[in-house]
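Please read this briefing alongside the sequence and the model shown below. It is arranged by topic, so that each group of points can be followed on the coordinates.

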Amino acid sequence: MIYQIQPTFSKNTLKNLKKYIYSGSWFTEHTHTRNFEKKFSNFIKSKETILYPNGTLTMSSILTCLGIRKNDEVLVSNYTMVATANAPLLSGAKTKLVDISNDNLCMDPKDLKRKIKKNTKFLIYTSINGRAGYIEEVLKICKKNKIILIEDSAHSIGSFYKNKHLGTFGVAGSFSFSMPKLITMGQGGAVVTNNRALAQRLRKFKDFGRAKSGIDIHNTLGFNFKITDMQSVLGFGQLQEIKKRIKLKRKVYDTYYNYLKNNKKIKIFKRNKNETPWSFDLYSNYKNKIKKILNKNKILTRDVYPPLNSQIIYKHIKGLKVSNYYCKKGIWLPSSLNLKKEEIKKICKLINKI
């Protein structure tokens, strides 16, 4: 069986986790979490990192701590995980969907300009599968229209644009450490920002609205969005070997691309030099046939995210033709870090027979 994604950990990471578990620790969020936050900031090159239980809470917390209001509108790509679009709703605001570009599957600047209204206050930009897309142009549009840019960088650990890590272009970036990601804690997320005041609000917000743990004086609204030191120990072990993991993930993607690039019945995207896709994505009118043949050979795939406006809560939003086309024809192929070249070759051989 070849899984679509299987988490992999080095012996050293598992050894450190075992050592922590048997050290008489209290498991709750404490010094190991602060250490991971500091090291992740060093890697991303941001002033602050604040860890959260998942990437949904990171985005909704950013919006809340930036003072989002009930009638504010948040622009979101139609091709992203539903959590991205739900975050504004969780914060009590409105979500408007924007179509994607044929060139890179990220938000289309042309459609973005058409969607901006007076009550458009925020934009969440998804760097889908680690792709920068038109982040620079989108940033200029946001500045011109006084829109606050937030980045959904859930797929983008290890992805850079002009030597700047994705997630650091807007006021804040949201990362995910869920099971399929390059660094995984099982579940987990992080906010990165260079805005110290925002970071301070986020830390209070995730700890019941108090300035310091262990003191039950709550000056602002807040909730329990803390994680555990055990998760941070697991994440830190992977962060220590991040360059190796990036290299392996890029190699998996490039190997697929080289074996499939001449197949005229599929659409794939060449990886830009400094990007690290979290999985290899393929788009084809023969998607179901490809899935069936691979499944028959015990090779598991996963459909890409359906277009958000195909979901019941967003069905009232019409149009968005490009994202509807790609989202209905796409699959992610097996992309684990320990995937062997021979396995990729076998998968590609089956696909190329179609």
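The model is predicted, and the values below are computed from it. In the largest nonpolar core, which has 53 residues, Tyr256 is among the residues that touch the most other members, and Tyr256 also takes part in the contact between helices α9 and α12.

**Packing of α9 and α12**

- Helix α9, residues 242-260, packs with helix α12, residues 341-352, at an angle of about 35°, and their axes are 10 Å apart; the crossing of the two is right-handed.
- On the α9 side the contact is formed by Val252, Thr255, Tyr256, Tyr259 and Leu260, which meet Lys341, Ile344, Lys345, Ile347, Cys348, Ile351 and Asn352 of α12.
- Sorted by class, the residues in this contact are eight nonpolar, two polar and two charged.

**Helix α10 and its two sides**

- In helix α10, residues 287-296, the buried residues are Lys287, Ile290 and Leu294.
- These buried residues fall within an arc of 65° when seen down the axis of α10, and they therefore line one face of the helix.
- In an α-helix there are 3.6 residues a turn, so residues three or four places apart point the same way.
- The buried residues of α10 pack against β10 (280-283), β11 (302-303), β12 (330-333) and α12, whereas Asn288, Lys292 and Lys296, on the other side of α10, are exposed.

**Nonpolar cores**

- Of the 53 residues in the largest nonpolar core, Tyr79, Leu123, Tyr256, Leu260 and Leu282 touch the most other members.
- Two or more residues of this core come from each of β4 (120-126), α6 (135-144), α9, β10, α10, α11 (321-327), β12 and α12.
- Apart from this core lies another, of 28 residues, which includes Tyr52, Ile68, Ile124 and Ala172.
- With neighbours within four places in sequence left aside, tyrosine 256 is in contact with Phe280, Leu333, Pro334, Ser335, Leu339, Ile344, Ile347 and Cys348.

- Serine 336 lies in the loop between β12 and α12, and it counts as buried because its relative accessibility is 4%, under the 20% cut-off.
- Leaving aside neighbours within four places in sequence, serine 336 is in contact with Tyr3, Gln4, Ile5, Gln6 and Val252; from serine 336 to lysine 181, 155 residues apart in sequence, the C-alpha to C-alpha distance is 9.7 Å.
- Proline 88 has its place in helix α4, residues 82-90, and is buried, with a relative accessible area of 0%.
- Not counting residues up to four places away in sequence, proline 88 touches Leu63, Val74, Ala93, Lys94, Thr95 and Ile124, while its C-alpha atom is separated by 9.9 Å from that of threonine 56, 32 residues apart along the chain.

**Positive phi angles**

- Most residues other than glycine have a negative phi.
- Lysine 162, in the loop between β6 (160-161) and β7 (164-165), has a positive phi, near 55°, and counts as exposed at 58% relative accessibility.
- Phenylalanine 208, in the loop between α7 (196-205) and α8 (229-240), has a positive phi, near 65°, and counts as partly exposed at 31% relative accessibility.
- Lysine 298, which follows α10, has a positive phi, near 60°.

Definitions and conventions:
Residues are numbered from 1 along each chain as its sequence is written. This is a predicted model: local features need pLDDT of at least 70, side-chain atom pairs count only at pLDDT 80 or more; totals for chains, interfaces and linings use all residues. Side-chain values use heavy atoms; hydrogens and water are left out. Axes are lines fitted to C-alpha atoms, for helices over the stretch in contact, and angles run from 0 to 180 degrees between N-to-C directions. Helices (H or I, at least four residues) and strands (E, at least two) are DSSP runs, numbered from the N terminus. A crossing is left-handed if the near helix is turned anticlockwise from the far one by less than a right angle, and right-handed if clockwise. Contact means heavy atoms within 4.5 Å. Ala, Val, Leu, Ile, Met, Phe, Trp, Tyr, Cys and Pro count as nonpolar, Asp, Glu, Lys and Arg as charged, and the others, Gly among them, as polar. Buried means under 20% relative accessible area, exposed over 50%, partly exposed in between (1.4 Å probe, protein chains only). The arc is that of the directions from the helix axis to the C-beta atoms. A nonpolar core is a set of buried Ala, Val, Leu, Ile, Met, Phe, Trp, Tyr and Cys residues joined through side-chain atoms within 4.5 Å.
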